[in-house]
Protein chains: 2
Amino acid sequence: MPTSLESKLILSAPFKWMGDAKTGFLKILDQRELPQKETHLECRAVKEAAFAIKTLAVRGAPAIGVAAAFGCVLGAQRGKTKEAIEELKASRPTAVNLFWALNRIRKLSNHDPETVLQEARKIEQYEKDNCLAIGRHGLALLKNKSRAMTICNTGALCTGGIGTAVAPFFLAHAEGRPIQVYALETRPLLQGARLTAWELSRAGIDVTLICDGAAAHTIREKKIEIVIAGADRIAANGDSANKVGTYALALAAHYHKVPFYIAAPSSSFDLATPSGDQITIEERSKEEVTRWKNTPAAPDNISVFNPAFDVTPNNLIAGIITEKGLIHPPYKETIAKILK
Amino acid sequence: MPTSLESKLILSAPFKWMGDAKTGFLKILDQRELPQKETHLECRAVKEAAFAIKTLAVRGAPAIGVAAAFGCVLGAQRGKTKEAIEELKASRPTAVNLFWALNRIRKLSNHDPETVLQEARKIEQYEKDNCLAIGRHGLALLKNKSRAMTICNTGALCTGGIGTAVAPFFLAHAEGRPIQVYALETRPLLQGARLTAWELSRAGIDVTLICDGAAAHTIREKKIEIVIAGADRIAANGDSANKVGTYALALAAHYHKVPFYIAAPSSSFDLATPSGDQITIEERSKEEVTRWKNTPAAPDNISVFNPAFDVTPNNLIAGIITEKGLIHPPYKETIAKILK
């Protein structure tokens with residue numbers, strides 16, 4: 001079933017291994033240029049793959065891990081897989097999926113290009129399978145619901161598969177069910193506008209872009225029936241950290257009695273973090289807010305508070321969609337159970 | 001008291017009449033160029049003043065009314081005040097303050113430049129007095145509160161006085177009280193980033209810019225104590241229409257038990273509109289969302305829902321600050337009473 005459904009979808013691949021293991025190369029879609037230009041980087045050396053990850057030409061936790069695994073093949077071609085692992089590991093210092101993927105490559109008994117490429121393809125397939133499983137569990141929630149809302153980018157571009165929070169929308173579309181998605185533009189970096197709107201419309205899904213501040217009004221006016229967001233990290237009690245704006249979106253859904261779901265692979269759970277209070281929120285540069293590309297949008301000398309993420313408390317979350325199934329409160333118990 | 005306090009403030013004047021009535025001209029700060037450039041338009045003919053209003057070089061209901069009244073002086077200089085009124089009336093077809101100000105000029109028994117200029121100055125003073133009165137009533141709410149939040153632009157630039165929602169912040173600052181303002185950037189047109197952040201920081205007020213989606217997180221993290229927003233139109237039951245994003249902000253304040261106030265002159269009440277359900281929300285062009293100046297931020301061919309305003313229901317509003325005093329629920333009664 002997964003394969004036949006997937007074949008009906010137009011997915012925007014973030015990368016592709018071109019050619020055979022010994023002489024091939026890694027082609028990466030440069031997401032920084034989207035949606036205006038579809039340019040690709042041809043990585044023929046490890047440092048080019050590391051640079052693509054570092055500069056966010058490829059982004060999104062699962063996609064980074066897979067891209068790094070393919071990057072190792074470039075090292076293997078020169079008999080330098082271990083050096084490749086070290087170089088790629090340094091490209092994004094806090095990405096869990098990156099370390100996990102590189103660790104799988106490191107543990108291989110044989111580091112010839114064919115073996116490394118085979119393992120990279122397995123990692124890619126693993127992420128794709130996770131996406132499909134999340135999509136299937138989420139699809140059950142859509143039932144007669146067709147008016148949905150999401151934030152940030154959680155699609156093919158950041159997973160290589162059908163994504164996480166948008167995976168149910170991809171599957172609903174593949175099944176020919178009516179589905180209408182409102183995508184928040186997601187300031188300051190506009191991943192919703194640049195990436196989600198682009199990849200969903202490219203896949204033929206009915207998508208409408210809105211400003212983040214318009215979400216509450218849109219939920220009311222357009223009678224939104226379900227909201228699904230991704231998560232970067234989920235605490236043991238279900239509190240979920242995701243792109244800033246998610247918390248405000250969950251509050252708006254809550255007030256309108258619209259179910260708000262988190263969709264994320266089980267690798268996003270962090271049992272060592274009891275609740276959202278213990279999650280440190282990264283603050284990013286003020287220029288992300290005061291300029292759009294090179295165009296100023298605010299006085300340059302202004303103070304800016306630019307948190308990259310926020311935490312949605314568990315009481316606002318109707319359920320968490322993982323590849324292992326859908327879980328409901330009490331999250332402390334259901335999360336511990338599903339991770340066993 | 002108003003005058004002495006106002007003299008302590010650095011206000012960013014949206015316009016100024018230069019010279020005498022017979023040979024003078026209207027100088028308008030071109031707000032479209034802010035915050036990067038402080039350029040002024042010198043309007044020496046009625047059509048130049050009308051063009052400045054039409055193209056949003058000057059904006060904000062009270063400021064438009066006053067600018068139009070000064071524009072009439074340019075007509076009076078040529079003995080063509082009535083023609084000037086007609087031309088200026090057509091510049092912004094739905095601005096109530098514009099019609100009100102032009103009507104005051106029309107009703108003058110004498111249309112010589114001195115008389116028209118005198119009336120324009122009276123209208124200007126009336127708006128300034130309203131702002132000060134709103135500021136004073138709002139100041140009482142601040143008491144020991146110093147961490148505030150606001151949305152869009154409601155300051156000197158759009159009123160000529162100390163504004164509406166930000167008026168209490170201006171007065172607190174003039175009195176030497178600590179006041180810290182978080183300003184939402186207010187997508188899509190970024191009036192908060194371009195105008196509010198600019199004019200508050202220029203006045204020496206501690207202002208921090210945030211993305212609209214970060215408001216809920218900021219209320220929690222920065223322990224915001226009060227939220228004040230303006231209003232474009234207030235229904236008889238207190239439901240308030242304001243810039244899109246206000247409703248989401250009110251929901252976030254509500255959830256955190258932070259009082260949310262509306263500040264607006266009594267001319268914003270519309271007793272003919274029973275509730276927010278009867279307020280038609282203007283939808284604006286998709287390009288406001290998909291491009292920032294000339295820089296694309298989303299695919300050009302994407303569907304966009306771009307409501308310019310939203311309605312905050314009365315149950316989320318702790319009080320409405322008007323020049324006639326602060327009113328509380330039940331709004332149907334208190335609004336009718338204050339308008340008598």
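Mentor: Start with L190(B). L190(B) counts as buried, because its relative accessibility is 2%, and the cut-off for buried is under 20%. Bear in mind that this is a predicted model. L190(B) sits in the loop between β5 (180-184) and α9 (191-202) of chain B. Its backbone deserves a look. L190(B) is not a glycine, yet its phi is positive, at about 60 degrees.

Now go to the loop between β5 (180-184) and α9 (191-202) in chain A. P188(A) lies there. The peptide bond that joins R187(A) to P188(A) is cis, with omega about 5 degrees. P35(B) belongs to the loop between β2 (25-29) and β3 (40-43) of chain B.

How do the two chains relate?

Step back to chain A as a whole. Chain A has 13 helices and 17 strands. Its C-alpha atoms fill a box of roughly 60 × 50 × 40 Å along the principal axes. For 340 residues, a compact globule would have a radius of gyration near 20 Å, and the 20 Å of chain A agrees with that. Of those 340 residues, 61% are buried. Take the contacts in chain A between residues at least 6 apart in sequence. Of these, 73% join residues at least 24 apart.

Next, the interior. In soluble globular proteins, nonpolar side chains tend to be buried together. Here the largest nonpolar core has 150 residues, and M149(A) and M149(B) touch the most other members. What does M149(A) contact, leaving aside neighbours within four places in sequence? Its partners include Y182(A) and L184(A), along with I210(A), A215(A), T218(A) and I219(A). Also among them are I224(A), I226(A), V227(A), I228(A) and L249(A).

Follow L249(A) into helix α11. L249(A) is one of the buried residues of α11(A). Others among them are T246(A), Y247(A) and A250(A), and then L251(A), A252(A) and A253(A). Helix α11 (residues 246-255) of chain A is largely enclosed by the rest of the structure, because seven of its ten residues are buried. Just after α11(A) comes K257(A), with a positive phi of about 55 degrees.

K293(A) also has a positive phi, about 50 degrees, although it is not a glycine. K293(A) lies in the loop between β12 (291-292) and β13 (295-296) of chain A. K293(A) counts as partly exposed, at 43% relative accessibility.

Charges come next. Side chains of opposite charge can pair when their charged atoms come close. Over all chains, the structure holds 25 salt bridges. R284(A) takes part in a salt bridge with E282(A), at 3.1 Å from N to O. R284(A) also meets E288(A) in a salt bridge, at 2.7 Å from N to O. How exposed are these residues? R284(A) is partly exposed, at 35%. E282(A) is partly exposed too, at 36%. E288(A) is buried, at 12%.

Chain B has a salt bridge between D270(B) and R233(B), at 3.0 Å from N to O. D270(B) is in strand β11 (residues 269-270) and R233(B) in strand β8 (residues 233-235) of chain B, so this pair ties together parts 37 residues apart in sequence. R233(B) is partly exposed, at 31%. Back in chain A, shared partners join E282(A), R284(A) and E288(A) into one salt-bridge network.

E127(A) is buried but has no salt bridge. R104(A), its nearest side chain of opposite charge, is 7.6 Å away. E127(A) is part of helix α6 (residues 113-142) of chain A. Residues up to four places away in sequence aside, E127(A) touches P62(A), V66(A), N97(A), W100(A) and T159(A).

Terms used
Residues numbered from 1 in each chain as written. Chains lettered and ligands numbered in written order. Predicted model: local features only at pLDDT ≥ 70, side-chain atom pairs only at ≥ 80, totals over all residues. Heavy atoms only, no water. Core = buried A, V, L, I, M, F, W, Y, C linked by side-chain atoms within 4.5 Å. Buried < 20%, exposed > 50% of the residue type's maximum accessible area, 1.4 Å probe, protein only. Contact = heavy atoms within 4.5 Å. Helix = DSSP H or I, 4+ residues; strand = E, 2+ residues; numbered from the N terminus. Lys, Arg positive; Asp, Glu negative; His and termini not counted. Salt bridge = Lys/Arg side-chain N within 4 Å of Asp/Glu carboxyl O. Rg over C-alpha atoms; globule rule 2.2 N^0.38 Å.
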